[in-house]
Amino acid sequence: MALQAAGRQSLVDTVVDQLRTQLTEGEWAVGDRIPTEHTLAEQLGVGRNTVREAVRVLVHAGLLESRQGNGTFVRSAADPSAVLRGMRHAGALEVTEVRVALEAEAARLAAERRDTHDLLRLRAALDTLHEEGDRNADADMAFHLAVVEATHNTAFIEVYRFFSVQVHEVLVHALGDRDMPPVDISAHEALVDAVEAGDPVAADAAVRALLKVPIDALRQLGVR
């Protein structure tokens, strides 16, 4: 089924909707590589930047996966958008409290199961945090995803990737608010040290200490 040419209004949303329809209707199977940005832009009658942003939205939603140097592939044909819309009603404090539950257990598992590759990725993510600064949501999100991936638990990783769309949104707003504390890079270092040492108790404690700072700040500000 050919893609319909997008109109001029809400171009990114239009492209997202059309690509989502293609995915859920089975135009491309799970594991397939979707057409290039150039091809999609021509089919839709929009610019490549619009296609790139729409693909980014679908990557965050868990439907697509971008593989550097290889293209973009179908990750799932099940559309999680309805659940994501429901999650957007959750407040920043609620999302951060759920992060504690997920990330503390992820840290415990990571400390028990991490391998050399995981430790290299964690150290690289930590270096990026140092380089990008203490208010960069993308760098912070990438760090925590690296911890979760070190669990080597496919179900856990998929759940967290799904949840990370809302986490990223909260981080963007929180780190852009000067009333909120910046990312505590030293606390992130303590987490990596605990995972590297293979100490699940210390890793759990490090996550709880790391997230206690924003939770306390949100409560003081009266944010739900």
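Predicted model: local features only at pLDDT ≥ 70, side-chain atom pairs only at ≥ 80, totals over all residues.
A cavity is a set of points, on a 1 Å grid over the protein atoms alone, where a 1.4 Å probe fits but cannot get out. Rolling a probe the size of a water molecule over the atoms shows where empty space is left. The volume of the largest cavity is about 250 Å³; grid points are joined across faces, edges and corners, and a volume is the space filled by probe spheres set on the points. Select R99, D140, L171, L175 and P214, which are the closest to its centre among the 21 lining residues; a lining residue has an atom within 4 Å of a point. Then colour α5 (92-113), α7 (137-149), α8 and α10 (200-220), each of which supplies at least two residues of this lining. The lining of the largest cavity comprises 15 nonpolar, three polar and three charged residues. Here Ala, Val, Leu, Ile, Met, Phe, Trp, Tyr, Cys and Pro count as nonpolar, Asp, Glu, Lys and Arg as charged, and the others, Gly among them, as polar.

In this model local features need pLDDT of at least 70 and side-chain atom pairs count only at pLDDT 80 or more, whereas totals for chains, interfaces and linings use all residues. Residues are numbered from 1 along each chain as its sequence is written, and side-chain values use heavy atoms, with hydrogens and water left out. Helices (H or I, at least four residues) and strands (E, at least two) are DSSP runs numbered from the N terminus.

Next, turn to the largest pocket, with a volume of about 980 Å³. A pocket is an open set of points with protein on both sides within 12 Å along at least five of seven lines. Select V59, H60, E65, S66 and R161, which lie nearest the centre of the largest pocket among its 33 lining residues. α7 gives the most to this lining, with six residues, and the lining divides into twelve nonpolar, ten polar and eleven charged residues.

Now select H168, in helix α8 (residues 154-175). H168 is buried because its relative accessible area is 14%; buried means under 20%, exposed over 50%, and partly exposed in between (1.4 Å probe, protein chains only). Show the side chains of H168 and D138, which a polar contact of 2.5 Å joins. A polar contact is a pair of N or O atoms within 3.5 Å; within protein, one must be able to donate a hydrogen and the other to accept it, and residues adjacent in sequence count only if both atoms are side-chain atoms. Beyond its neighbours within four places in sequence, H168 is in contact (heavy atoms within 4.5 Å) with A137, D138 and M141.

Move to H152, in the loop between α7 and α8. Its phi is near 60°, a positive value in a residue other than glycine. Most residues other than glycine have a negative phi.

Finally, display the largest nonpolar core, which has 49 residues. Such a core is a set of buried Ala, Val, Leu, Ile, Met, Phe, Trp, Tyr and Cys residues joined through side-chain atoms within 4.5 Å. L122, F143, Y160, V167, L191, V195 and A203 have the most contacts inside the largest core. α5 contributes the largest share of this core, ten residues. A second, separate core of 17 residues includes L19, W28, L40 and L64.
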